[in-house]
Amino acid sequence: MITSEPMNKPTARRATGKVIITPEPETVGTITHSPSELLDGLEHILCTPNLDCAVASKIIANPSIRSVVVTKSEFSDHARKMLHESGIGLVVCNEGELDKINRCIVNKDGLTALREEVPVSAICSVLNQRNLAIYRRFGINSLGYFRFKFCLFQLFSQEPSAYHDPNRIENFLYEQLAELGKQNWSSIRCVLSDLTTTELAEVGINVPAEMNPDMGVRGPRCMKQWTPELAAIRRFQEEFDTLVKISAPFISTISEYCSFVNMVKKAGIQRSHVELGFTLEVPALAEELDDLFTTSKVDFMAIGTSDLFSLFNGVCRNNQALSVLPTSNANIRLLRRIVTSAREHGVHTFVCGEVRRNEVIMTELLQAGVGELICSAQVNELSSIFYLSSLKRSAI
């Protein structure tokens, strides 16, 4: 399935300043007005009223200064050449345009503020040093969607026998979580697995084939497979103080969600020490949200638009010859109804499917009540997400 129009024509960014030198790569950092304010390990954008050879020499001597904003249009051309040959960006910008700007990005468009009116978190199930560095550049400290499913892909592809070994699964997932704990995330939202029989077969697991595995035995329909996953989370909580959130995928009924909550308790995880929620992917549950939110404590709801649109529109998500138009009236009404229900019941909501990259839809959903934006470790996507985050809901 191809989600048509995943990236809309970008909304005009509120970039300021005249670009004299485009930094390569782009600079993402905090504005500082003095070299004495520099912090080790961070990118900085130095704001200076004057630029001459002496100032340029000091800038070049500080590797953390990646771009320069000069507030006077006249400056030394030799200083410009020094910055250019050092790969340091240069933007001319009025001092008044810098008011209330702290973190920003400097690229070919100029200087763009990265304001976070709506929280932005990471979606990353294979977290390497490259991804971590990009998230830290943008000041993202919350891991909003960490899928155990992708971790298990890695384990089972290397050790197919681990599928039948709950202890190995528990230990492996605990090791993954422990690595995250060392990275000082403020919170980690763990998404329990929902591997289909086709996906298991792809990584070498011999399981009975199903005619339609996407709607077959997965997630809460084989809930016992969550036992070692919850055990790994419990162990992590015993060792780390990081706030943990747990999402149950592919929940289709209220009773399934209640069974998930009871399973968490049986795993020895105290309800008061964890946030619990689910990923809405089955359209039937959208019709029961009011009842669910009234009868059960739900801390958050993720909207998984890939499965949701596939099932709602009757399109196989694995068939590249078929497509779904996310901006169709039916899809927009469904999303609006889901977000409105959550907002009325005080349930925190975010989108984790491909629609999160669609600026037109996300702008409307922010207005409807979405309270978090999650993003992969791509600079262009992060820039777009922060632009959306910076918009006041009342002005959207």
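Strand E9 (residues 120-123) and strand E10 pair in parallel, over 2 bridges. Strands here are DSSP runs of at least two residues (E), helices are runs of at least four (H or I), and both are numbered from the N terminus. Two strands count as paired if DSSP finds at least two bridges between them. This is a predicted model, where local features need pLDDT of at least 70, side-chain atom pairs count only at pLDDT 80 or more, and totals for chains, interfaces and linings use all residues. Residues are numbered from 1 along each chain as its sequence is written, and side-chain values use heavy atoms, without hydrogens and water.

Look across the pair. Alanine 122 stands opposite leucine 143 in E10. From E9 the chain crosses through helix H3 (residues 129-137) to E10, and this β-α-β crossover is right-handed. That means the path from the first strand over the helix to the second runs clockwise, with the strands pointing away from the viewer.

Now follow H3. At its start, a side-chain oxygen of asparagine 128 comes to within 3.2 Å of the backbone nitrogen of arginine 130. The buried residues of H3 are Asn131, Leu132, Ile134, Tyr135 and Arg137. Buried means under 20% relative accessible area (1.4 Å probe, protein chains only). Their cover includes strand E3 (27-32), E9 and helix H14 (379-390). After H3 comes glycine 139, with a positive phi near 75°.

Next is E10 (residues 142-147). Of its 6 residues, 5 are buried. E10 also runs parallel to strand E11 (residues 187-191), joined by 4 bridges. Arginine 147 has valine 191 in E11 as its bridge partner.

Definitions and conventions
Buried means under 20% relative accessible area, exposed over 50%, partly exposed in between (1.4 Å probe, protein chains only). Contact means heavy atoms within 4.5 Å. A polar contact is a pair of N or O atoms within 3.5 Å; within protein, one must be able to donate a hydrogen and the other to accept it, and residues adjacent in sequence count only if both atoms are side-chain atoms.
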